[in-house]
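Here is a short note for a colleague who is new to this entry. Please look over the sequence and the model first.

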Number of protein chains: 2
Amino acid sequence: MQTVIIGSGNVAYHMAKAFNLKNIPLMQVFGRNSEELKKISEELNVPYSTEHLQDADLYIICVSDNSVENVSQIITKKDCLVAHTSGSLPKEILKGEYRKASFYPLQTFSKSKELDYGKIPFFIETENEQDQQFLFEIASKISENVMESSHEKRKYIHLTAVFACNFVNHLFAKAKEISDSQEIPFNYFLPLIDETVKKIHDIEPKAAQTGPAVRNDVKILELHEQLLKDESLKIYKTMNHSIQKMYEL
Amino acid sequence: MQTVIIGSGNVAYHMAKAFNLKNIPLMQVFGRNSEELKKISEELNVPYSTEHLQDADLYIICVSDNSVENVSQIITKKDCLVAHTSGSLPKEILKGEYRKASFYPLQTFSKSKELDYGKIPFFIETENEQDQQFLFEIASKISENVMESSHEKRKYIHLTAVFACNFVNHLFAKAKEISDSQEIPFNYFLPLIDETVKKIHDIEPKAAQTGPAVRNDVKILELHEQLLKDESLKIYKTMNHSIQKMYEL
């Protein structure tokens, strides 16, 4: 079985690296950004191209959701399987006469950050049993958490991930903006952040809630609002309002 | 030196436990809630009372910010040091003729969750050098991160903590609400959440941002908005707007 990865971003890089680590043959990384492709190619010893897409059995499209449809049209081969890695798109977004699939790794990928691939949940959807078995086999070489998932369910998995990861990271960025403004080193907050996350491995997040909003500490809420403005103030009010609704305060 | 802890909530419990672990003598836990005090007393083998406040050199008030002022008035002794554990209140909120201080542990405390006290940053503010030295000595027995901090700075430390901890936990609670609604096990998201936090030990949060908003993936943003309502939708819009402002999208 010959596989090509299409894309040169964070997901493409980590998928290629995971394949490499598990000795799953990879015949090419293909994309538009020759500089990024070259880096991946050199690190993983895999050929790359920006022009000639290799003939393969499996193409994994790792590009931003905006581009999946366009990119899927460069594959003109019919007897092959094409999978995208998007959490939110249906497999039917792929436009070609090949067999279609979704191969969604639930993780946040940054090139500069090494990952343990073994625990990443993979969600797979295919057109037929054989393709499913094939993608399960590949994903199972990378991770111990491989599952089937419909597009309907995957949309909600992605949405949950946006709250639990993308928005959480943005809160860290806003928090750092506040601490930077007062020359307070952000690493003071790392034990607190680590504990916040450790907690929810043992306790339901709803039961783990602390802070002025859940205590309905009106004076502190007012004081904090005076220290904030613009987007930070909007986040502060929105989050507190939502906390107070959840606990019916 | 004789110390009394006032309060029976999460902070009081963990402060008493930290004192206990480090063999710092604790003569009493005092408060209103006899049931909770009794539990602490039995676990840590420290006397408790709801009526007779012991004569001590140091009182540490571990009650919610709303109650600090009232509670501080039950201490009628003059020749003693009284510290509160609030991140946002000035030491002058304490109403009595004793010496005043702030003794602020930057952490999220839940009774049901064990903690490593050794890394908790403690922020201390006192009226004089001698009290400062005394509180530094105590805090340094508990943690390796003990610092002086003015009230002005401490307010911002607390505010940063609300973003980095309280709001982050609420996002986990909202995320779980979404995944629960589709019968998707929340533990699928734990590797993603763990990685989100691991990342910011190595990368600036601003550089670690991923997700549809920072990619300006308008179609996905619209799709997600259709899946949400009420507070979740408000959070979704507010966070995305703030992300897009931060990256000038």
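1. **Ground rules.** This is a predicted model: local features need pLDDT of at least 70, side-chain atom pairs count only at pLDDT 80 or more, and totals for chains, interfaces and linings use all residues. Residues are numbered from 1 along each chain as its sequence is written, chains are lettered from A and ligands numbered from 1 in the order in which they are written, and side-chain values use heavy atoms, with hydrogens and water left out.

2. **The sheet.** Chain A holds an open sheet of eight strands, with mixed pairing. Its order is β3-β2-β1-β4-β5-β6-β7-β8. The edges are β3 (48-49) and β8 (146-148) of chain A, each pairing on one side only. Strands here are DSSP runs of E, at least two residues long, and helices are runs of H or I, at least four, numbered from the N terminus. Two strands pair if DSSP finds at least two bridges between them.

3. **One strand pair.** In chain A, β5 (residues 81-84) and β6 (residues 99-105) run parallel, joined by four bridges. H84(A) stands opposite S102(A) in β6(A).

4. **A helix over the sheet.** Helix α4 (residues 129-142) of chain A lies across β4 (58-61), β5, β6, β7 (122-126) and β8 of that chain. α4 runs at about 165 degrees to β7(A). Axes are lines fitted to C-alpha atoms, for helices over the stretch in contact, and angles run from 0 to 180 degrees between N-to-C directions.

5. **Helix α5(A).** This helix spans residues 151-181, 31 residues in all. A kink of about 35 degrees is centred on V162(A); the bend is the angle between axes fitted to the seven residues ending there and the seven starting there. Of the 31 residues, 26 are buried, so α5(A) is largely enclosed by the rest of the structure. Buried means under 20% relative accessible area (1.4 Å probe, protein chains only). After α5(A) comes E183(A), with a positive phi near 55 degrees.

6. **Across the chains.** α5(A) packs against helix α8 (residues 218-227) of chain B at about 100 degrees, with axes 11 Å apart. That makes the two helices, α5(A) and α8(B), roughly perpendicular (65 to 115 degrees). Residues of α5(A) that meet α8(B) include Y156(A) and V162(A). Their partners in α8(B) include L223(B) and H224(B).

7. **A18(B).** Where is A18(B) placed? A18(B) sits in helix α1 (residues 10-21) of chain B. A18(B) is buried, at 0% relative accessible area. A18(B) touches Y117(B) and I142(B), not counting residues up to four places away in sequence; contact means heavy atoms within 4.5 Å.

Terms used
Expected span 1.5 Å × (residues − 1). Buried < 20%, exposed > 50% of the residue type's maximum accessible area, 1.4 Å probe, protein only. Parallel < 35°, antiparallel > 145°, perpendicular 65-115°, else oblique.
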